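Trainee: Please take one part of this model and go through it closely, strand by strand if you like. I'd also like the cut-offs behind each term.

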Amino acid sequence: MAYQFSTDSEKRFQRLIPQFPNKRSLILPCLFLLQADKGFVDKEGMEYIAERIGSPVSLAHVHGVATFYTMYNKKPVGKYHIQICSNISCYLSGSDSITEHSCKKLGIEPGETTKDKKFTVDEVQCLGACGFGPVVQINDVYYENLTPEMIESIISELEKKV
């Protein structure tokens, strides 16, 4: 069966329609609904969104938006998605050591997910908190002014929760 919004996401989609008279403006919230349902944004889901929104929105429009923003996962990620800013401000503040320590602790490389599917580590270009680097976003929580010791401690605490 082809992808369809969950019941909750369908209700939210119906509430969004009148709020966005410009159909292209629906792409971002629809991608969030897709990601909430599936955990990531895939071609099947993008096709569904383009079809649901309709003309003038095409699969190419949806794909362009989904691949432009780092907030949309293009593949399945672990329960805890660790996104480390690697842009210049964070890099100069030591984000490379945050990536190194995170990956070493979890036994994976950037872009990989642990075998138990609990953690994914990704380097991203900007998390919009340049004055507080190095910055990491884990799921929807920001961690700022990190040190290698701090990220190891955060990961240890998350390991206890899973």
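**The sheet and what surrounds it**

Mentor: Let's start with the open sheet, which has four strands in the order β2-β1-β3-β4 with mixed pairing. Strands are DSSP runs of E with at least two residues, helices are runs of H or I with at least four, and both are numbered from the N terminus; two strands pair if DSSP finds at least two bridges between them. Bear in mind that this is a predicted model, where local features need pLDDT of at least 70 and side-chain atom pairs count only at pLDDT 80 or more, while totals for chains, interfaces and linings use all residues. Residues are numbered from 1 along each chain as its sequence is written, and side-chain values use heavy atoms, leaving out hydrogens and water.

At the edges sit β2 (119–124) and β4 (141–143), each pairing on one side only. From one strand to the next, the twist averages 20°. β1 (80–85) and β3 (136–138) run antiparallel, joined by three bridges, and Q83 faces Q137 in β3.

Two helices pack on this sheet. α6 (95–106) touches β1, β2 and β3, and its direction makes about 155° with that of β1. α7 (148–161) touches β1, β2, β3 and β4, at about 0° to the direction of β3. Touching, or contact, means heavy atoms within 4.5 Å; angles run from 0 to 180 degrees between N-to-C directions, with axes fitted to C-alpha atoms, for helices over the stretch in contact.

Now for the cores. A nonpolar core is a set of buried Ala, Val, Leu, Ile, Met, Phe, Trp, Tyr and Cys residues joined through side-chain atoms within 4.5 Å; buried means under 20% relative accessible area, exposed over 50%, partly exposed in between, with a 1.4 Å probe and protein chains only. In the largest core, which has 20 residues, F5, C30, L31, V41, I49, I53 and V62 touch the most other members. Elements giving two or more residues to this core are α1 (7–16), α2, α3 (43–53) and α4 (59–68). A second, separate core holds 16 residues, including L106, V121, L146 and I155.

L34 is buried because its relative accessibility is 0%. Beyond four places in sequence, the contacts of L34 include F5, V41, M46 and I49. V41, with the same exclusion, touches L31, Y72 and K74, among others.
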